[in-house]
Protein chains: 2
Amino acid sequence: MTGLLTVVGLGPGAAEHRTPAAAQAVREAEVVLGYSAYIDACADLLGAGQTVLRGRMTEESRRAEQAVALAAAGHRVALVSSGDAGVYGMATLALSTAAELPVARRPEVRVLPGVTAALASSALVGAPLAHDFACLTLSSLLTPWEEVERRLRAVAAADLALALYNPRSAGRTWQLDRAREVLLEHRGPGTQVALVTDAARPEQHVRLTTLGELDSSVVGMTTTVLVGASATRRLGDWLVTPRAAGA
Amino acid sequence: MTGLLTVVGLGPGAAEHRTPAAAQAVREAEVVLGYSAYIDACADLLGAGQTVLRGRMTEESRRAEQAVALAAAGHRVALVSSGDAGVYGMATLALSTAAELPVARRPEVRVLPGVTAALASSALVGAPLAHDFACLTLSSLLTPWEEVERRLRAVAAADLALALYNPRSAGRTWQLDRAREVLLEHRGPGTQVALVTDAARPEQHVRLTTLGELDSSVVGMTTTVLVGASATRRLGDWLVTPRAAGA
């Protein structure tokens with residue numbers, strides 16, 4: 001008898017932005033797996049009868065295999081990610097791993113959506129993503145940098161608003177500056193930018209700036225960089241993008 | 001004394017995907033405003049002591065003005081949208097309207113994020129938006145169609161996955177077919193497509209197809225059209241996009 005694997009998006013951090021479906025899946029799981037910080041983000045849901053397996057940042061494939069194997073063995077398993085599990089999260093790995101099993105041994109898999117960082121960050125500064133927008137990652141660990149630049153150029157030229165995930169870390173310090181240069185080829189230096197760090201967590205920090213004045217040194221691993229479209233305006237402490245393109 | 005206006009994203013439909021923050025804002029409001037279908041989506045939260053103002057689809061500006069005026073008069077107001085209030089939602093109108101008031105008369109405004117249709121739909125079919133993606137609207141009521149095509153071309157050429165909002169309605173029947181033609185200039189006919197109608201509602205319906213075989217006649221106002229990147233694969237009933245571009 002096979003079990004159930006639920007791939008859960010926990011939202012940005014605070015429990016108030018975590019969906020009831022996500023909370024229920026974690027509460028009802030016999031085994032909860034996730035990167036250690038994400039286990040912390042749902043610690044309020046965990047009980048004594050549950051097995052909790054904390055993983056490391058770089059062990060995503062192993063974690064997906066473990067989650068699928070446990071569900072295939074008949075357990076009710078929750079594999080947790082922050083934000084939305086399907087956006088730069090664990091869902092693809094979990095589904096691909098499950099699909100490698102013979103049908104008879106394959107567990108049921110469900111994916112639960114969540115509030116991804118782009119949306120949590122955007123709400124804090126108003127509505128910069130109110131019209132067409134794109135989410136791009138600047139992490140070149142999995143994507144060749146030339147491909148990242150090609151995408152940045154296309155999105156900038158098409159005048160979409162933009163949420164940049166993984167903009168900078170201790171080991172990736174030049175990518176955001178280079179991204180800024182690429183964007184400035186198509187967007188004016190006055191383009192509105194918001195740097196939202198630790199959205200919906202106690203240490204939450206918001207900084208409004210422009211593409212011309214963007215100081216990448218204040219950006220870290222938990223920052224989402226929001227870049228407005230040409231129509232995005234600053235109104236006091238808010239950024240708003242009109243619902244009509246070019247309006 | 002001014003009040004508080006909270007612009008609330010209710011999520012896709014079912015209460016299980018509505019955040020606790022959204023639920024609390026609606027429960028604590030003295031006045032709840034929204035398009036009639038969105039009021040229905042939070043009917044379980046409404047009590048006898050609340051004033052509920054149901055609006056029509058085309059009266060967004062009027063509704064935003066009403067919400068801001070009520071909050072400016074000292075009331076605690078919730079202006080509700082489906083999905084995320086900041087994505088093709090009411091947040092921009094509400095913030096822009098509030099910003100027109102003199103500072104002393106301006107109410108406090110908060111925006112609460114929610115699970116937008118792209119994420120709710122994506123989770124139902126696996127993880128098609130697992131790497132870089134864009135959200136575009138095909139509604140040309142507010143955006144000139146040439147601009148929509150320009151954005152489609154850019155996103156298709158950059159090989160982003162894509163969520164199309166407002167793909168078709170009784171009065172807008174040709175846009176999706178034309179969008180398909182534009183996408184086919186850059187993407188193969190085997191490109192994975194999911195048509196997700198009424199995600200997270202009782203009448204939810206999912207149809208997997210390809211760009212070559214996409215039949216627009218089954219698409220309606222409440223459908224989100226998800227178009228995979230070139231790397232997006234179908235695994236049984238799932239669509240997955242690898243986390244590395246081009247992988």
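A crossing of helices is left-handed if the near helix is turned anticlockwise from the far one by less than a right angle, and right-handed if clockwise. I worked on a predicted model, in which local features need pLDDT of at least 70, side-chain atom pairs count only at pLDDT 80 or more, and totals for chains, interfaces and linings use all residues. Residues are numbered from 1 along each chain as its sequence is written, chains are lettered from A and ligands numbered from 1 in the order in which they are written, and side-chain values use heavy atoms, with hydrogens and water left out.

Entry 1: helices α6 and α7 of chain B.
I noted that α6(B) passes α7(B) in a right-handed crossing. Helix α6 covers residues 145-157 and helix α7 residues 175-184; they pack at about 40° with axes 9 Å apart. Helices here are DSSP runs (H or I, at least four residues), numbered from the N terminus. The axes are lines fitted to C-alpha atoms over the stretch in contact, and angles run from 0 to 180 degrees between N-to-C directions. I looked up the contact (heavy atoms within 4.5 Å). From α6(B) it includes B:Trp145 and B:Leu152, and from α7(B) it includes B:Arg178 and B:Val182. By class I recorded 6 nonpolar, 1 polar and 3 charged residues. Ala, Val, Leu, Ile, Met, Phe, Trp, Tyr, Cys and Pro count as nonpolar, Asp, Glu, Lys and Arg as charged, and the others, Gly among them, as polar.

Entry 2: helices α3 and α4 of chain B.
I found the axes of α3 (residues 60-72) and α4 (residues 91-99) coming within 9 Å and crossing at roughly 55°. That angle makes α3(B) oblique to α4(B); angles under 35 degrees count as roughly parallel, over 145 as roughly antiparallel, 65 to 115 as roughly perpendicular and the rest as oblique. The crossing of α3(B) and α4(B) is right-handed. Among the contact residues are B:Ala64 and B:Val68 of α3(B), with B:Leu93 and B:Ala98 of α4(B). The contact divides into 5 nonpolar, 2 polar and 2 charged residues.

Entry 3: the two chains.
I noted that a rotation of 180° with 0.0 Å of shift along its axis superposes chain A on chain B, RMSD 0.0 Å. This is the relation of a two-fold axis. Copies are superposed by least squares on the C-alpha atoms of residues with pLDDT of at least 70 in both. In chain A, A:Ala134 has the C-alpha nearest the axis, 2.0 Å from it. The same surface serves both copies, as 98% of the contact residues of chain A recur in chain B.

Entry 4: domains of chain A.
I read domain 1 as 4-115 and domain 2 as 118-240, with bounds from an automatic or database domain assignment. Their C-alpha centres lie 28 Å apart.

Notes. Helix = DSSP H or I, 4+ residues; strand = E, 2+ residues; numbered from the N terminus.
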